[in-house]
Amino acid sequence: MNFLFLSTHAFLPNTRKTSVHFVSEALAARGHSVETLSVGYSLLTALKSRDLYRQLSREQKGRFRESASRYRSACYLPLLHPFSTGSALFNRAMSPFFDLYGRVLPRFMREAVLRADTVVIESGTSIVFFEAVRRLKPAARTIYFARDLLNTVGASEYLQRLERRIAPQFDRVIVPSSRMAEHLPSGSRVVFVPQGIDKSGFDVCDTSPYPAGSRNGVAVGNMLFDKNAMTAMALHAPDVTFHFFGAGIPADFPQNVTVYGERAFSDIIPYLKFADFGIAPYRLTERELYLVESSLKLQQYSYCLLPILAPELMRRGCRANIVAYDPNGETDWAGKVREAATRPHDPAWRDGIATWDDVADRIADEAVSA
């Protein structure tokens with residue numbers, strides 16, 4: 001089967017990996033032909049990350065490059081692209097640009113759509129291309145790879161309205177949390193497929209990056225990042241070293257915190273496997289409780305048998321390795337960190353965790369049956 005993935009993530013060797021990377025790679029490894037197309041990039045990207053723009057422009061601008069057998073990646077890199085901000089007024093002004101951006105497909109993108117049997121569109125800016133894909137190749141199966149609720153990640157109202165309109169038109173809507181289904185439009189063909197992890201990467205890792213006898217906590221990702229909670233943990237546990245991975249995380253933390261920025265997933269694996277505990281510093285409301293099931297870091301921490309420091313709301317997910325804190329008034333940060341750092345690691349915490357091959361098989365099955 002020929003798969004085309006539309007995603008706002010970059011597919012480069014040194015960029016961070018998310019579920020769309022793991023799933024697409026697993027499909028290729030299982031014999032399918034896979035092409036990934038990064039959208040939501042332009043000359044504006046150079047203002048945020050000159051190095052990323054250079055890599056995309058040099059390697060993938062307007063053309064597909066093979067990085068593995070049956071696996072090719074490209075990037076749509078026009079002069080400008082639409083984007084969401086925290087300003088409602090700016091987002092309203094941007095709405096016509098989103099619409100125009102999704103209507104005009106460059107030639108290499110049209111050719112990729114025509115080659116595809118199944119087009120997988122990830123949540124975010126990518127959804128503006130759905131209707132153009134359907135017009136260009138009505139016979140293609142379409143899968144909405146919904147990773148997060150759009151309002152949770154700060155998507156513009158235009159994208160949220162568009163999602164409500166087109167979600168029921170997809171042949172399948174794949175969600176990583178059963179709780180997400182209740183927030184999607186009626187009539188959407190929702191299928192719950194839990195996240196997987198790269199078990200082999202963890203299994204072969206045998207060298208710790210930490211000094212012998214030290215205590216270490218690790219946090220991966222910047223989504224809904226609660227800087228206040230992280231600062232409080234570090235201040236009240238000076239004997240613990242905290243390791244934060246993720247783009248855009250500020251560096252003004254106490255001295256026992258190391259901020260690494262965005263790193264390749266292979267570089268992060270040892271920090272996860274050999275940590276004493278993991279941290280999920282989400283700023284949560286009831287609406288974001290779907291993260292209890294969908295959060296990739298929770299799966300990774302649990303496979304590594306790590307206790308997880310997380311907000312009290314996340315205790316509702318019934319993960320036995322959660323050490324809950326009150327983000328709005330915790331009175332015993334030192335005790336919470338101590339509990340997480342010293343709780344025995346229970347092998348039962350990894351029960352039921354799927355691999356990306358398992359997830360890829362489910363998605364391929366849904367594509368066939370759609």
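**Helix packing and loops**

Reader: How do H1 and H14 lie relative to each other?

Author: H1 and H14 are roughly perpendicular to each other (65 to 115 degrees; under 35 is roughly parallel, over 145 roughly antiparallel, the rest oblique). The axes of H1, residues 19-29, and H14 cross at roughly 75° and come within 8 Å, where axes are lines fitted to C-alpha atoms, for helices over the stretch in contact, and angles run from 0 to 180 degrees between N-to-C directions. This is a predicted model, in which local features need pLDDT of at least 70 and side-chain atom pairs count only at pLDDT 80 or more, while totals for chains, interfaces and linings use all residues. Residues are numbered from 1 along each chain as its sequence is written, and side-chain values use heavy atoms, leaving out hydrogens and water.

Reader: Which residues make the contact between H1 and H14?

Author: From H1 there are Ser-19, Phe-22, Val-23, Ala-26 and Leu-27, and they meet Trp-356, Asp-357, Val-359, Ala-360, Ile-363 and Ala-364 of H14, with contact meaning heavy atoms within 4.5 Å. Helices (H or I, at least four residues) and strands (E, at least two) are DSSP runs, numbered from the N terminus.

Reader: And what is buried in H14?

Author: The buried residues of H14 are Trp-356, Val-359, Ala-360, Ile-363, Ala-364, Glu-366 and Ala-367 (buried is under 20% relative accessible area, exposed over 50%, partly exposed in between, with a 1.4 Å probe and protein chains only). Seen down the axis of H14, these buried residues fall within an arc of 160°, so they line one face of the helix; the arc is that of the directions from the helix axis to the C-beta atoms.

Reader: Let's move to H7, what covers its buried residues?

Author: The buried residues of H7, which spans residues 157-166, are Tyr-158, Leu-159, Gln-160, Leu-162, Glu-163 and Ile-166. Their cover includes helix H4 (88-103), helix H6 (130-136) and strand E6 (141-145).

Reader: At what angle do H4 and H7 pack?

Author: The angle is about 50°, and the two axes are 9 Å apart. That makes H4 oblique to H7. Ser-95, Phe-98 and Asp-99 on the H4 side meet Tyr-158, Leu-159 and Arg-161 on the H7 side.

Reader: Now the loops, where does Met-180 sit, and is it buried or exposed?

Author: Met-180 is in the loop between strand E7 (172-175) and strand E8 (190-192), and with a relative accessible area of 1% it is buried. Beyond neighbours within four places in sequence, Met-180 is in contact with Ala-146, Arg-147, Asp-148, Leu-149, Val-175 and Tyr-290.

Reader: What about Asn-256, which residues is it in contact with?

Author: Asn-256 belongs to the loop between strand E11 (240-245) and strand E12 (257-261) and counts as buried, at 13% relative accessibility. Setting aside neighbours within four places in sequence, Asn-256 is in contact with Ala-234, Ala-237, Pro-238, Val-240, Thr-241 and Phe-242.

Reader: What is the phi of Arg-70, and what is that of Leu-224?

Author: Arg-70 has a phi near 65°, a positive value in a residue other than glycine, and it lies in the loop between strand E3 (65-68) and strand E4 (71-75). Leu-224, likewise not a glycine, has a positive phi of about 50°, and its place is the loop between strand E10 (215-220) and helix H9 (227-236).

Reader: And how accessible are Arg-70 and Leu-224?

Author: Arg-70 is partly exposed, with a relative accessible area of 38%, whereas Leu-224 counts as buried at 13% relative accessibility.
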